[in-house]
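Hi,

Here is the structure I said I'd send over. Have a look at it first, then read on for what turned up.

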Amino acid sequence: MTFARTTDPIVAVATASGRGAVGIVRVSGARLAPLIEALCGRTLKPREATYLAFRDAAGEPVDHGLAIHFPSPHSFTGEDVLELQAHGGTVVLQLLLARCLEAAAEADPVTGRPRLAGLRVAEPGEFSQRAFLNGKIDLAQAEAIADLIDASTEAAARSAGRSLSGAFSREIHTLRDALIHLRMLVEATLDFPEEEIDFLQKADAAGQLVKLQTQLAAVQQRAKQGALLREGIKVVIAGQPNAGKSSLLNALAGAELAIVSAVPGTTRDVVSQTIQIHGVPLHVADTAGLRESSDEVEQIGVARAWGQIESADAVLFLHDLTRAGLPDYAAADAEILRGLRQKLPASVPVLDVWNKQDAAPAANAAQGIVLSAKTGLGIEALREQLLAMAGWQAVPEGVYLARARHVQALGRVETHLALAASHLAAQAQLLDLLAEELRLAQNALNEITGEFGADDLLGVIFSRFCIGK
Ligand SMILES: Nc1nc2c(ncn2[C@@H]2O[C@H](COP(=O)(O)OP(=O)(O)OP(=O)(O)O)[C@@H](O)[C@H]2O)c(=O)[nH]1
Ligand SMILES: [Mg+2]
């Protein structure tokens, strides 16, 4: 979305392309009455569905359907909105869209000017952008619309719905209000240093700050879970040839996706599949077995495997229980582990997984998970472990579908609040630094909902301060 504020009237087919029982053409702009008159041949009662013919320039019906007029400001965009619900065929809807553009350009019989000057086809997301610019929804809600439409799991859809209805924004507002209150106290103390009463102590500023940090931590946790639901993590299966990596991918996905064979060095290309575990998307990649090879194609496969490993959020290091005791087996694994440690940041977990339990039931794994890709034993435990590695914790109140950008902004709020706390605990001369950290914390919060205007904050502070006095 671009944030240039344009007020041209816009029109678009609002429903998915393809065949459907119903399709919707939506127009948003100021003063749609002349256009409605031309298209519908009558005026429409606000927010009432009227069955009628949509007319072409000669007054002939293009299609019949429902027309609804949502006059400003009680519409999705906050502008006048006209919705035409026609039959859902690509051609019908394109005809109707073209008719809207044509009718907008026609001269109005009363004024002699175009009925709706400047009507154009909307850019992607432009209806939501207007809703945001006109204050109908905030930025987090606008993003939730896109996330709801894109949601690939029920859990993701449900949490996007929660964000869209403003649950996430309300929590951000609660934090913001508490922050404003604290800033008010600090600014008051700064402005009136000669005051006898120490506002900060009397109002328990330190206690308020601690409470704010606790509230923030709760919001952060729910937002992190939401970002996880939306974005998932990338899990790479790595290990020596023939360990059963492709078999494990197939077992996790429940489908024969990757070629399995007894020939070491079978997999060359990376085979990826997204699996859902309790609604969390995990993007799992099966890779070529890691070894020195003189085969040119296999070398490329191994290079690709390392490329995948470098971008992993978690690695499953697969071992073969049936070969664990063979000479050189441990050495080859140790060599791979050195490579993993070298390529991966310390924050990326590497989980040891021992495969082929069915063929070596007596063998003991030193550590990690023991399973059989063949029989399915241990796969469920692995799935649970993967979820834990992803950082998933079910939150009883439900999560909001947040984005990485929200999580990052909340992280900045946390940093500024921590600095504020250290200034508050220190000597009085650090008060302006304290005030500055609180201001920065609020800016970071405002980024989430898209509300800027730190300057009006002074107005808020001042008015509250006066009333409070
Ligand atoms: N008994 C038993 N055999 C298994 C198991 N998992 C895989 N295998 C066998 O091990 C052999 C190798 O399996 P793959 O899944 O192709 O192994 P890979 O690690 O992908 O091998 P490369 O692609 O060559 O690196 C095949 O013959 C599989 O049938 C298991 O759990 N138990
Ligand atoms: Mg393979």
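Predicted model: local features only at pLDDT ≥ 70, side-chain atom pairs only at ≥ 80, totals over all residues.

Residues are numbered from 1 along each chain as its sequence is written, chains are lettered from A and ligands numbered from 1 in the order in which they are written, and side-chain values use heavy atoms, leaving out hydrogens and water.

One ring does have a charge over it: Arg-26 lies over the face of Phe-127, 4.6 Å from the ring centre (the rule is NZ of Lys or CZ of Arg within 6 Å of the centre and within 35 degrees of the ring normal).

Now the sheet. It's open, with six strands in the order β3-β4-β5-β2-β1-β6 and mixed pairing (strands are DSSP runs of E, at least two residues, and helices of H or I, at least four, numbered from the N terminus; two strands pair if DSSP finds at least two bridges between them). At the edges sit β3 (50–55) and β6 (120–121), each pairing on one side only. Strand β1 (residues 10–13) runs parallel to β6, joined by two bridges, and Val-11 has Val-121 in β6 as its bridge partner.

Cheers
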